[in-house]
Amino acid sequence: MSIVSLFLMAGAAAGLSAQVMFYSLFLSGKFNPAIVITAHVVLLPLLFLLNRSIKSDTRDNNTRSEISLYVFFGVFVLFVALLIAWVCLRPYGDWDAWALWNFRANFIFRAGERWQDILHFNLHGHQPWFLPFLIASGWAFSGHEDMFIPMAVAVLATVLVIGLVVYGLSGRVSRGIALLAGVYLCSIPYFLQHAASQYADIWVAYYLLAAVIGMERGYMFLSGIFWGLLCLSKNEGMVLAVVMLVAVFMGITRSKELWRPLMIGLACILPSVLIPQMLMTGDPAGINKVSWVYLGDMGRWRDFVQFFFQQVVFGKHWGGLWIIAPLLLALFRKRWDKYTKVYLCSLAVFLVIFMALYVMVCNDFQWRMAVSLDRLMFQIAPLMVYLTWKNFPDLSSRG
Amino acid sequence: MHSGSFKKTLIVLIVLLALVNTGGQICRLLEQKSSLSSAHPYPGATFLSLRPGLKGVPMAGYFTDRTSTHPSTDVGVMFPYQQAQYALSPTLLDYYHPFAYEWTVFNTKDGIKLVRNKAL
């Protein structure tokens, strides 16, 4: 078993917890800790079976002794300490953490049989339910509503993302390059700060990366589960999953043998995505309303591009990521494999879609960009780091 | 083709950038730590006194005297409203129809209070 599979299985376990909460709520009609705990006890062994079915990648085995766990811990202790400090600085998280994600979990916990009332109260638009389900699942174990579980969930997700970047690269590039990718990702000021905000964006970043790595390694069923969990994590995750799966279908493989297990995995998660979406009604604030009228507004396009460069590309809080990543990718473009090409194209399409959505938004356009553009880029940042460093040549190699 | 020294230079530059970024992060963290009070107030703590009055009430209105041309994206309106919502959950507060329910949470210059709507 490779270390990367541990980082994948931990994400699968979080997904399983969210699924258990979803089914227990819909089947028992209320928050029921006894059912949640029993279901965990019964279902968690399934993950061990799934883990055993994952074939160890020979390239991982070749480098496993090189990438020592001790080195990993040594370098990342500082960053985990920083992350915990950021989390402790804001124990209730940033605005959307308590106003949306933790509020939903609170409501599930407190409302008893009327928990479905929350489905008709969508001040933040119709967002999916992964994070509230996961937090409520945690409270089923702790027995009370506390702030420790959301804080721990944020730390866990961030550690998983970092681990997945480093060990996902292991066997693809040398030990030093893989560690450098992880160190650079952690050094990005916005990465750790926003990861600590208790928003769902860190889970979008995790499941996107997990789905991509799972697919590259041929773990198609597991990858299907991660694509599904990506859809369950946030609306942007749904768009990413659709764009990337279409791109993979068109650009990499149409083999039924590969797609069948992937679609089965995806189908396992989709009920928890679609059922709440179908039941949610009302969007009183209408913050997500868009209109085609604005698509021809050149002033808005210009404002967007200007804002994008000021805030993201040259934003200090991004630590140069959006300059370095395109530069390195362009420098080593001859090393791109088919996955890199397809994923980069999909990310470009994803950004164009959201650029158009920003331009088309009916509500305050400037406000919308200011509050959410960084978050959107955050969701794809770990994948960008992964793709950039995956194509970084070893010092000994030519080209 | 890229020479070994070119790649080494790139790596050194990235390591330096990572060091600068990390140093900046630590400074920012220390700045924020000193600017925040050690106590972390519960979001909407000021509304908690209304909780007993709303026990068993599924929906209530929310009224503020702060006017805004764009309330849905106005921090001055939405921040206290959503804090009230968080604190008073599982009672759902309706900002858009404040007087359509038996109870209304008032958040005005005069303070915070719970008012029973006698017309209903």
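1. Which side chains meet in a salt bridge at 2.3 Å, N to O? In this predicted model, the pair is B:Glu102 and B:Arg116. B:Glu102 sits in the loop between β2 and β3 (103–108) of chain B while B:Arg116 belongs to strand β4 (residues 111–116) of chain B, so the pair ties together parts that are 14 residues apart in sequence. B:Glu102 is partly exposed, with a relative accessible area of 37%, and B:Arg116 is likewise partly exposed, at 48%.

2. Salt bridges that share partners also join A:Asp201, A:Lys234 and A:Glu236 into one network. Over all chains, the count comes to 10 salt bridges.

3. Among the pairs in chain A, the side chains of A:Arg375 and A:Asp96 meet in a salt bridge at 3.1 Å, N to O. Because A:Arg375 lies in helix α17 of chain A and A:Asp96 in helix α5 (residues 95–111) of chain A, this pair ties together parts that are 279 residues apart in sequence. A:Arg375 counts as buried, at 14% relative accessibility, and A:Asp96 is buried with a relative accessible area of 14%; the cut-off behind both assignments is under 20%.

4. A further salt bridge is formed by the side chains of A:Arg114 and A:Asp117, at 2.9 Å, N to O. Here A:Arg114 counts as partly exposed, with 25% relative accessibility, and A:Asp117 is partly exposed at 27%.

5. The largest nonpolar core has 174 residues, and those touching the most other members are A:Phe130, A:Trp203, A:Phe226, A:Trp227, A:Trp318, A:Trp322 and A:Trp389. Helix α17 (residues 365–390) of chain A gives the largest share of this core, 14 residues. Leaving aside neighbours within four places in sequence, A:Trp227 is in contact with several residues, including A:Leu208, A:Met215, A:Met244 and A:Leu266.

6. Turning to the interface, 45 residues of chain B are in contact with 54 residues of chain A. The two chains bury about 4300 Å² between them, with 72% of it on carbon and sulfur atoms. On the side of chain B, the residues that lose the most area to chain A are B:Lys7, B:Gln25 and B:Tyr86, which together account for 16% of what that side buries.

7. Between chain B and chain A the count is 0 salt bridges, whereas 11 residue pairs in polar contact are found across this interface, with both residues at pLDDT 80 or more. In chain B, α1 (4–35), α2 (75–88) and β2 (92–94) each supply at least two residues of the side that touches chain A, and the largest share, 18 residues, comes from α1(B). By class, that side has 26 nonpolar, 14 polar and 5 charged residues.

How values were computed:
Residues numbered from 1 in each chain as written. Chains lettered and ligands numbered in written order. Predicted model: local features only at pLDDT ≥ 70, side-chain atom pairs only at ≥ 80, totals over all residues. Heavy atoms only, no water. Core = buried A, V, L, I, M, F, W, Y, C linked by side-chain atoms within 4.5 Å. Buried < 20%, exposed > 50% of the residue type's maximum accessible area, 1.4 Å probe, protein only. Helix = DSSP H or I, 4+ residues; strand = E, 2+ residues; numbered from the N terminus. Contact = heavy atoms within 4.5 Å. Buried area = accessible area lost by both parts, 1.4 Å probe. Salt bridge = Lys/Arg side-chain N within 4 Å of Asp/Glu carboxyl O. Polar contact = N/O pair within 3.5 Å; in protein donor to acceptor, adjacent residues only side chain to side chain. Nonpolar A, V, L, I, M, F, W, Y, C, P; charged D, E, K, R; others polar.
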